[in-house]
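Please take a moment with the sequence and the structure shown below. The paragraphs that follow go from the sheet to the helices and then to a few single residues.

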Amino acid sequence: MNIIIYTKTGCAWAIEAMDWLAKHKIPFAERDMLKNPAYREEVIKKSSQWMSPTLDIDGHILPDSDAAQVEAYLKTKGIL
């Protein structure tokens, strides 16, 4: 499974989502859209927006998500 989490520095919802993934030992790559404009363009192409956090889970986009939405999606996929 490949998870990319697009964040903005200091975003509480992004921190919560990353903490949740780390707690469940689910690997992910963080891409801070404020530190790297290329990541902002990348997430806009994928989701037509740049809200934080937006997750790309094996190509499935969860825009403007939180930890509960990530958990619910992973459960539907049988990952949890």
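Two strands pair if DSSP finds at least two bridges between them. With that in mind, and remembering that this is a predicted model, one can begin with strand S1, residues 3-7, which is joined to S2 by 4 bridges, the two strands running parallel. Within this pairing, Ile-5 of the sequence stands opposite Glu-30 in S2.

These two strands belong to an open sheet of 4 strands, whose order is S2-S1-S3-S4 and whose pairing is mixed. At its edges are strand S2, covering 29-32, and strand S4, covering 60-62, each of which pairs on one side only. From one strand to the next, the twist averages 20°.

Helices lie against this sheet. Helix H1, made of residues 12-23, lies across S1, S2 and strand S3 (54-57), and its direction runs at about 155° to S1. Helix H3, made of residues 67-76, also packs on the sheet, where it touches S3 and S4, and its direction makes about 155° with that of S4.

How do H1 and H3 pack, and how far apart are their axes? The two helices meet at an angle of about 40°, and their axes are 8 Å apart; because of that angle, H1 counts as oblique to H3. On the side of H1 the contact is made by Glu-16, Ala-17, Trp-20 and Leu-21, while H3 contributes Ala-67, Val-70, Glu-71 and Leu-74. Sorted by kind, the residues of this contact divide into 6 nonpolar and 2 charged, with no polar residue.

Finally, two places in the loops deserve a look along the backbone. Between helix H2 (37-47) and S3 there is a loop in which Pro-53 is found, and the peptide bond that joins Ser-52 and Pro-53 is cis, with omega about -5°.

Technical notes. Residues are numbered from 1 along each chain as its sequence is written. This is a predicted model: local features need pLDDT of at least 70, side-chain atom pairs count only at pLDDT 80 or more; totals for chains, interfaces and linings use all residues. Side-chain values use heavy atoms; hydrogens and water are left out. Axes are lines fitted to C-alpha atoms, for helices over the stretch in contact, and angles run from 0 to 180 degrees between N-to-C directions. Contact means heavy atoms within 4.5 Å. Angles under 35 degrees count as roughly parallel, over 145 as roughly antiparallel, 65 to 115 as roughly perpendicular and the rest as oblique. Ala, Val, Leu, Ile, Met, Phe, Trp, Tyr, Cys and Pro count as nonpolar, Asp, Glu, Lys and Arg as charged, and the others, Gly among them, as polar.
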